[in-house]
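Please look at the sequence and the 3D structure shown here before reading on.

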Amino acid sequence: HGLLIKPHGSIELSPTAYQFKFGRIAKALTEDSMVDGTLVFEKLHSVPIHFMVEQDDTAPKEESAPGQ
């Protein structure tokens, strides 16, 4: 199972359907900023990507401690 991305194509991943895990993040991610990255494919080469950092509306909300 996998995702088909045609040459020179693009796809949009639903935040509730797919997730990426990142390693070696060198700096803090700031909402509404563009970040460069690299997709490394199992059987092919690496591909540079650019993505927008957005608020994760699907994550559980953190509650403030009482009195804060």
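What follows begins with the whole chain and then turns to single residues.

This is a predicted model, in which local features need pLDDT of at least 70 and side-chain atom pairs count only at pLDDT 80 or more, while totals for chains, interfaces and linings use all residues. Residues are numbered from 1 along each chain as its sequence is written, and side-chain values use heavy atoms, with hydrogens and water left out.

**The chain as a whole**

The protein chain has 0 helices and 2 strands, where helices (H or I, at least four residues) and strands (E, at least two) are DSSP runs numbered from the N terminus. Of its 68 residues, 4% are buried; here buried means under 20% relative accessible area, exposed means over 50%, and partly exposed lies in between, with a 1.4 Å probe and protein chains only. The chain exposes about 7,100 Å², and carbon and sulfur atoms supply 53% of that area, as computed by the Shrake-Rupley method with a 1.4 Å probe, where for residues only the protein chains shown count as cover. Among contacts with a separation of 6 or more, 12% are between residues 24 or more positions apart, a contact being heavy atoms within 4.5 Å.

Leu3, Ile5, Ile11, Tyr18, Phe41 and Leu44 make a nonpolar surface patch of about 550 Å². One of these residues, Ile11, is found in the segment before strand E1 (34-40), and Ile11 counts as partly exposed because its relative accessibility is 40%.

The largest pocket has a volume of about 2,100 Å³, and strands E1 and E2 (46-52) are the elements that give two or more residues to its lining. That lining consists of 46 residues, of which Leu13, Phe20, Phe22, Ile49 and Phe51 lie nearest the centre of the pocket.

**Residues in the segment before E1**

His8 lies in the segment before E1 and has a positive phi of about 65° although it is not a glycine. Asp32 is also placed in the segment before E1, and its phi is near 65°, again a positive value in a residue other than glycine.

| Residue | Relative accessible area | Class |
|---|---|---|
| His8 | 87% | exposed |
| Asp32 | 59% | exposed |
| Pro15 | 58% | exposed |
| Ser33 | 22% | partly exposed |

**Pairs that are apart in sequence**

Which residues does Ser33 contact, leaving aside its neighbours within four places in sequence? They are Phe51, Met52 and Val53, and the C-alpha atoms of Ser33 and Val53 are 5.5 Å apart in space, although the two are 20 residues apart in sequence. For Pro15 and Asp57, which are 42 residues apart along the chain, the C-alpha atoms are separated by 8.9 Å.

Leu39 has its place in strand E1, and, with its neighbours within four places in sequence left aside, Leu39 is in contact with Phe20, His45, Ser46, Val47 and Ile49. Between Leu39 and Ile49, which are 10 residues apart in sequence, the C-alpha to C-alpha distance is 6.8 Å.

Note on methods. Patch = residues over 30% accessible without salt bridge, like charges linked within 9 Å, V, L, I, M, F, W, Y side chains within 5 Å. Salt bridge = Lys/Arg side-chain N within 4 Å of Asp/Glu carboxyl O. 1 Å grid on protein atoms, 1.4 Å probe; cavity = no way out; pocket = protein on both sides within 12 Å on 5 of 7 lines; lining within 4 Å. Points joined across faces, edges and corners; volume = space filled by probe spheres on them.
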